[in-house]
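Here are my notes for a first look at this structure. Please read them with the model open.

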Amino acid sequence: MVTLHRVSDVDDLISQAALKFIETVTSIQAGNGGLHGDGVARIVLTGGGAGIGLLHELARLDFAAEQQGENYPALRIDWSRVHIFFGDERNVPVSDPESNEGQARSALLDRVNVPDENIHGFDLGAVSMEAAANAYEPELKEFAPLGFDLHLLGMGAEGHINSMFPHSPAVRERKELAVPVHDSPKPPSERITLTLPAVNRSERVWLLVAGEEKAAAAKSIVDGVDAEECPAAGARGRKDTILFLADNAAQEL
């Protein structure tokens, strides 16, 4: 079941999702919480306007918490106990402005203390897409063997998530956790994506959706249409699935 969380606009979405992100991760880190029972949060990041905006806001809030000091405590994530994964990536090196990992590093990861060995990128630009996809599954099994604590997702107007587009081989994949995509309808055409079997191993799935052009796809999520028609409708967390939905994307509900 999808929980609908209405927000006024994309800025409100980013603000509320960031606060809930901090609350969720710090709760996992309290004691031995989380899916793996070790107090380590395993998070899948997403790109796009709302996804990268969320990372900028997390960096801002982390800096603000650091400046407050012990006399005015605030919830603050221990970034050394977070493992970062990526829902998809373009076939470019991290140094390319189009790289999701590169954008995430610039917005957040290089500004907080995430150990580099805790950032699990696809290494594209150094190896082929097929090799990168084949290597990522063993990495997931080593560092997130039970799945993810939280998978963040943006969504396109046609309902695509990660790089799974309607009626594509990637959205029909039922076994592999990561696959190459050679014909993405959204440039660039070459990408790697986590699949629905990977997404649905997550305890929590949060969809970050704003923009009036996404209203029909947002309704498809709520209506639970077939994932091949609207990949976002196939994303489900084992514990909860939250659709953070801006008013301008809720016109058909």
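1. One definition is needed before the sheets: two strands pair if DSSP finds at least two bridges between them. Keep in mind too that this is a predicted model.

2. Start with the sheet of three strands. It is open, its order is β4-β7-β6, and its pairing is antiparallel. The edge strands are β4 (88-90) and β6 (178-181), and each of them pairs on one side only. From one strand to the next, the twist averages 15°.

3. Now look inside that sheet. Four bridges link β6 to β7 (residues 191-194), and the sense is antiparallel. Which residue of β7 is the bridge partner of P180? The partner is I192. Helix α4 (residues 129-143) packs on this sheet and touches both β6 and β7. The direction of α4 makes about 165° with that of β6.

4. Next comes the sheet of six strands. This one is also open, with parallel pairing and the order β1-β9-β8-β5-β2-β3. At its edges stand β1 (2-7) and β3 (82-86). Each has a single partner strand, so one side of each is left without a neighbour in the sheet. Here the twist averages 20° from one strand to the next. In general, strands of a sheet pair through backbone hydrogen bonds, either parallel or antiparallel.

5. β8 and β9 (residues 240-246) run parallel and are joined by six bridges. Within β9, I242 is the bridge partner of W206.

6. α4 lies across β2 and β3, at about 155° to β3. α4 also packs on the three-strand sheet, as point 3 says. α7 lies across β1, β8 and β9, and runs at about 155° to β9.

7. Is S220 buried or exposed? S220 counts as buried, because its relative accessibility is 19% and the cut-off for buried is under 20%. Leaving aside neighbours within four places in sequence, S220 is in contact with V225, C230 and A233.

8. Helix α2 (residues 48-68) has 21 residues. How far does α2 reach from its first C-alpha to its last? The reach is 30 Å, close to the 30 Å expected at 1.5 Å a residue. After α2 comes G69, whose phi is positive, near 75°.

9. Check the buried residues of α2. Among them are I52, L54, L55, L58, L61 and A65. The buried list also includes E57 and D62. What covers these buried residues? The cover includes α1 (10-29), β2 (41-45), α3 (100-109), β5 (150-153) and β8 (204-209). As background, an α-helix has 3.6 residues a turn, so residues three or four places apart point the same way.

10. Turn to the largest pocket. About 380 Å³ of space lies in it. The lining has 22 residues, and G47, G48, G154, M155 and K186 lie nearest the centre. Which element gives the most to the lining of the largest pocket? α2 does, with four residues. α2, β4, α3 and β8 each supply at least two residues of that lining.

11. Most residues other than glycine have a negative phi, and most peptide bonds are trans. P187 and P188 are joined by a cis peptide bond, with omega about -5°. P188 belongs to the loop between β6 and β7.

12. For D123, phi is near 65°. D123 lies in the loop between α3 and α4. D123 is partly exposed, with a relative accessible area of 48%. For H167, phi is near 60°. H167 is placed in the loop between β5 and α5 (169-172). At 43% relative accessibility, H167 counts as partly exposed.

Methods: Residues numbered from 1 in each chain as written. Predicted model: local features only at pLDDT ≥ 70, side-chain atom pairs only at ≥ 80, totals over all residues. Heavy atoms only, no water. Axes fitted to C-alpha atoms, helices over the stretch in contact; angles between N-to-C directions. Contact = heavy atoms within 4.5 Å. Expected span 1.5 Å × (residues − 1). Buried < 20%, exposed > 50% of the residue type's maximum accessible area, 1.4 Å probe, protein only. 1 Å grid on protein atoms, 1.4 Å probe; cavity = no way out; pocket = protein on both sides within 12 Å on 5 of 7 lines; lining within 4 Å. Points joined across faces, edges and corners; volume = space filled by probe spheres on them.
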